[in-house]
Amino acid sequence: MKEILAIIRMNMMNLTKTALSEAGIPSITAGSVLGRGKGLVDLQLLRGAEKGYEEAISQLGQSNRLIPKRILIIVVPNKLVKKTVKTIIKVNKTGKQGDGIICVMPCLDAVRVRTGESGDEVLDDV
């Protein structure tokens with residue numbers, strides 16, 4: 001099994017959640033986080049630059065501001081890893097900086113607290 005950690009734009013959460021559910025992956029954990037990538041983009045400055053304001057254009061790339069994002073944690077059996085990653089990319093890819101990042105990590109075990117079941121039997125299985 002694998003743990004998939006995805007950081008996406010705040011406004012893409014509902015679309016991502018729906019797409020994953022439709023793909024047969026309804027179990028996710030989500031939270032709000034703050035972060036920035038290597039682009040150092042401040043959305044206010046970006047909007048100003050797009051409107052042609054010289055002050056905003058001159059300050060692009062100088063911001064250390066943290067941007068609100070959503071983090072998703074999804075644990076799936078190995079056979080669902082590619083499907084899960086492809087679904088997240090399909091929904092979130094705009095081709096612009098800030099689309100997010102997906103990390104796939106090994107997960108040694110999972111245990112359902114209520115029943116004590118463990119391993120793949122506690123995971124979604126399509």
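## A walk through the predicted chain

The protein chain has four helices and four strands (DSSP runs, numbered from the N terminus: H or I of at least four residues for helices, E of at least two for strands). Keep in mind that this is a predicted model, where local features need pLDDT of at least 70, side-chain atom pairs count only at pLDDT 80 or more, and totals for chains, interfaces and linings use all residues. Residues are numbered from 1 along each chain as its sequence is written, and side-chain values use heavy atoms, with hydrogens and water left out.

**Stop 1: the whole chain.** Colour by secondary structure and follow the chain from the N terminus: the order is β-α-β-α-α-β-α-β. Of the 126 residues, 32% are buried (under 20% relative accessible area; exposed is over 50% and partly exposed in between, with a 1.4 Å probe and protein chains only). The chain exposes about 8,300 Å², and carbon and sulfur atoms supply 54% of that (Shrake-Rupley method, 1.4 Å probe; for residues, only the protein chains shown count as cover). Among contacts (heavy atoms within 4.5 Å) between residues at least 6 apart in sequence, 77% join residues at least 24 apart.

**Stop 2: the cores.** Now select Ile4, Ile8, Ile25, Leu72, Ile74, Val76 and Ile88, the residues with the most contacts inside the largest nonpolar core, which has 15 residues. A nonpolar core here is a set of buried Ala, Val, Leu, Ile, Met, Phe, Trp, Tyr and Cys residues joined through side-chain atoms within 4.5 Å. Strand 1 (2–9), helix 1 (13–22), strand 3 and helix 4 (81–92) each give two or more residues to this core. Apart from it lies another core of five residues, including Cys107, Ala110, Val122 and Leu123.

Zoom in on Leu72. Which residues does Leu72 touch, not counting those up to four places away in sequence? They are Ile4, Leu5, Ala6, Ile8, Met13, Thr16, Ile28, Thr29 and Ala30.

**Stop 3: the second largest pocket.** Select Ser27, Ile28, Thr29, Ile73, Ile74, Val75, Ala110, Val122, Leu123 and Asp124 to show its lining. On a 1 Å grid over the protein atoms alone, a pocket is an open set of points with protein on both sides within 12 Å along at least five of seven lines, and lining residues have an atom within 4 Å of a point; a cavity is a set where a 1.4 Å probe fits but cannot get out. About 170 Å³ of space lies in this pocket, the volume being the space filled by probe spheres set on points joined across faces, edges and corners. Strand 3 (residues 67–76) gives the largest share of the lining, three residues. By type, the lining divides into seven nonpolar, two polar and one charged (Ala, Val, Leu, Ile, Met, Phe, Trp, Tyr, Cys and Pro are nonpolar; Asp, Glu, Lys and Arg charged; the others, Gly among them, polar).

**Stop 4: two prolines.** Go to Pro26, in the loop between helix 1 and strand 2 (29–35). Is Pro26 buried or exposed? Pro26 is exposed, at 52% relative accessible area. Beyond four places in sequence, Pro26 is in contact with Leu20, Ser21 and Asp124; the C-alpha atoms of Pro26 and Asp124 are 7.5 Å apart, across 98 residues of chain.

Next, pick Pro77, in the loop between strand 3 and helix 4. Pro77 is buried, with a relative accessible area of 6%.

**Last stop: Gly35.** Select Gly35 in strand 2, which touches Leu66 and Ile67, leaving out residues up to four places away in sequence.
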